[in-house]
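Thanks for coming. I will walk through one model today, part by part, and you can follow along on the screen.

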Amino acid sequence: ILEVGGSPRAAQQRGMAAPALGKAHLQDNVEYLYTSLKSIYRRSFFPLEEHYNYHDFFSPPLSDTDVEAKPFVLLIGQYSVGKTSFINHLLGNPVNGYPGSNVGPEPTTDRFMAIMHGEDDRVLPGNAVAVSPGKPFKGLQAFGNSFLQKFQCAECKSEILESMTLIDTPGVLSGEKQRIGRNYDMAEVCKWFAERSDLILLLFDAHKLDISDELKIVIENLAGNDDKIRIVLNKADQVTPQQLMRVYGALMWSLGKVFRTPEVTRVYISSFWDQAYKDIGAEGHVLFDREKSDLFRDLRDIPKNAAVRRVNELVKRARTAKVHALVCACLRKMMPAMFGKEKKQKELLKNLDIIFQAVAQEHGISQGDFPTTEIYRERLVRWTGTGRTLANLPKLNRELIKKLDDCLANEIPSLLRPLAVGQSKSDDLIQRPMYSEAAACSPAFQIGRPMDDEEATTLAMVRAALTGGDDDDPPPSRPQTAPSVRVPP
């Protein structure tokens with residue numbers, strides 16, 4: 001802020017005017033960025049999403065409220081690990097907790113709670129919140145009334161809520177209890193919130209390290225949001241330092257079986273509530289205080305980086321939409337004009353991973369931009385289960401693709417330049433091209449294992465469809481022998 005308003009010496013001479021001026025200038029830039037992002041989305045992104053039925057395969061369209069909403073902090077964990085107590089600790093420990101909260105050793109929070117800032121303490125029902133024009137929860141209507149009855153918004157006056165929204169979730173159950181009582185898909189709901197969150201806190205209790213089947217599914221649905229996830233080992237003061245060392249090792253072992261990534265997820269170890277540390281773990285109070293300070297610093301940094309995070313999420317959505325458009329166009333082009341559509345459709349769905357490889361090679365797109373094959377296949381089957389076939393997918397619209405590429409290459413980077421926070425990293429992220437001609441020759445886009453004749457033939461047909469003729473021309477006939485395919489050493 002001082003850099004925006006002037007030098008520190010000049011700021012001292014002018015009193016508080018310089019910091020206030022710098023903060024106002026930065027706030028104007030952020031508001032201008034949000035306004036521009038809403039315009040860019042409606043003009044360049046939404047037409048492509050609508051043309052290729054993106055909302056049937058992925059997430060609903062973004063509203064203006066979604067773009068300019070306060071950052072979300074999502075808390076996930078099993079029951080009685082301290083999620084609600086953690087939130088009350090952040091809010092300054094109100095006498096009765098935030099409105100509508102309950103704390104206890106049993107599963108107390110039985111619904112999703114969005115804790116937002118408000119002048120008066122009140123609880124709003126889910127159906128009213130979902131249709132409220134000033135709240136970013138319109139997309140939750142897709143989960144139906146059965147979920148909205150288990151969703152509420154609690155408003156209370158708190159300083160931290162002026163810059164972020166906290167999402168409290170029901171405790172993830174284990175055993176038979178997880179199979180009854182829920183008449184909505186909790187994993188999909190958590191995924192919806194995770195995609196819109198700036199930070200995801202996964203809480204564990206020092207006495208509850210097991211990962212149930214439902215929690216495993218929830219964590220797996222967080223894929224694609226790994227940079228937002230932080231692990232919190234709560235109630236660490238209830239074990240001795242020697243036991244805590246073993247607990248930490250067991251937790252990392254359990255998480256390693258779920259996350260399946262070589263990177264180590266950041267773990268915060270402390271006791272997050274308003275009570276003094278227990279005597280049994282008092283020896284680690286210095287560690288607990290430092291860990292708590294690190295986590296709170298991450299929370300304080302969220303509003304500062306919210307604008308850049310919005311750009312990052314919008315770019316990620318645009319890359320997914322482009323890949324979806326190219327795959328849809330390829331599948332449509334591979335379908336026969338008249339006869340054998342059902343047989344061909346089954347073949348294409350079976351070889352979807354080969355089609356992904358062919359599209360990636362043709363357009364120089366990284367395999368990391370493609371969705372999971374199994375999930376995308378399920379969505380295609382669901383989409384075609386309403387009397388449609390893959391031949392009903394839209395054909396390639398180069399104008400919409402070019403408009404999206406131009407926007408990512410020129411408009412969005414220009415919006416980031418006025419921001420004083422995270423400029424270099426953001427420009428590097430946004431200015432990275434979606435694809436390039438040279439990238440197609442990189443070994444990263446080559447097939448990583450020898451293919452049999454059927455796979456090679458399928459890949460050859462996909463390439464021929466991508467490079468040949470008009471979009472409505474039927475695909476070439478099946479070749480008698482499989483062409484040679486270059487395989488990296």
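Before the tour, one term: two axes count as roughly perpendicular when the angle between them is 65 to 115 degrees. I will need that for a pair of helices in a moment. Please also keep in mind that this is a predicted model.

The pair is helix 15, residues 352-363, and helix 16. Their axes come within 10 Å and cross at roughly 105°. On the helix 15 side, the contact is made by Leu352, Asp353 and Phe356; they meet Thr373, Tyr376, Arg377 and Leu380 of helix 16. Sorted by class, that contact of helix 15 with helix 16 has four nonpolar residues, one polar and two charged.

Between helix 15 and helix 16 there is a loop, and Ile365 sits in it. Is Ile365 buried or exposed? Its relative accessible area is 2%, so Ile365 is buried. In sequence Ile365 is 46 residues from Arg319, while in space the two C-alpha atoms are 9.5 Å apart.

Helix 16, residues 373-384, also packs with helix 14, residues 341-350; here the angle is about 160° and the axes are 10 Å apart. Because of that angle, helix 14 is roughly antiparallel to helix 16. The crossing of these two, helix 14 and helix 16, is right-handed. Which residues meet there, between helix 14 and helix 16? From helix 14 they are Gln345, Leu349 and Lys350, and from helix 16 they are Arg377, Leu380, Val381 and Thr384. The classes in this contact of helix 14 with helix 16 are three nonpolar, two polar and two charged residues. Arg377 and Leu380 are named in the contact with helix 14, and Arg377 and Leu380 are also named in the contact with helix 15.

Now let me step back to the whole chain. How many helices and strands does the protein have? It has 19 helices and eight strands. Of its 489 residues, 49% are buried. Taking contacts between residues at least 6 apart in sequence, 79% join residues at least 24 apart.

Eight strands form an open sheet with mixed pairing, in the order 3-4-2-5-1-6-7-8. At the edges are strand 3, residues 122-125, and strand 8, each of which pairs on one side only. Ignoring direction, neighbouring strands of the sheet are turned by 25° against each other on average.

With strand 4, residues 151-156, strand 2 pairs in the parallel sense over six bridges. With strand 5, residues 165-168, strand 2 runs antiparallel, and three bridges join them. Ile115 has a partner on each side: Ala154 is its bridge partner in strand 4, and Leu166 stands opposite Ile115 in strand 5. Met113, in turn, has Asp168 as its bridge partner in strand 5. Five of the six residues of strand 2, residues 112-117, are buried, so strand 2 is largely enclosed by the rest of the structure.

Helix 11, residues 241-259, lies across strand 6, strand 7 and strand 8, and runs at about 145° to strand 7. Helix 12 packs on the sheet as well, touching strand 1, strand 6, strand 7 and strand 8, and its direction makes about 130° with that of strand 8.

The loop between strand 8 and helix 12 holds Ser270. With 0% relative accessibility, Ser270 counts as buried. Leaving aside residues up to four places away in sequence, Ser270 touches several residues, among them Leu233, Asn234, Tyr277 and Phe288.

Last stop, helix 6, residues 83-90. All eight of its eight residues are buried, so helix 6 is largely enclosed by the rest of the structure. What do the buried residues of helix 6 pack against? They pack against strand 1, strand 2, strand 5, strand 6 and helix 12. After helix 6 comes Gly92, with a positive phi near 95°.

That is the end of the tour.

Conventions. Residues numbered from 1 in each chain as written. Predicted model: local features only at pLDDT ≥ 70, side-chain atom pairs only at ≥ 80, totals over all residues. Heavy atoms only, no water. Axes fitted to C-alpha atoms, helices over the stretch in contact; angles between N-to-C directions. Helix = DSSP H or I, 4+ residues; strand = E, 2+ residues; numbered from the N terminus. Parallel < 35°, antiparallel > 145°, perpendicular 65-115°, else oblique. Left-handed = near helix turned anticlockwise from the far one by under 90°. Contact = heavy atoms within 4.5 Å. Nonpolar A, V, L, I, M, F, W, Y, C, P; charged D, E, K, R; others polar. Buried < 20%, exposed > 50% of the residue type's maximum accessible area, 1.4 Å probe, protein only. Pairing = 2+ DSSP bridges.
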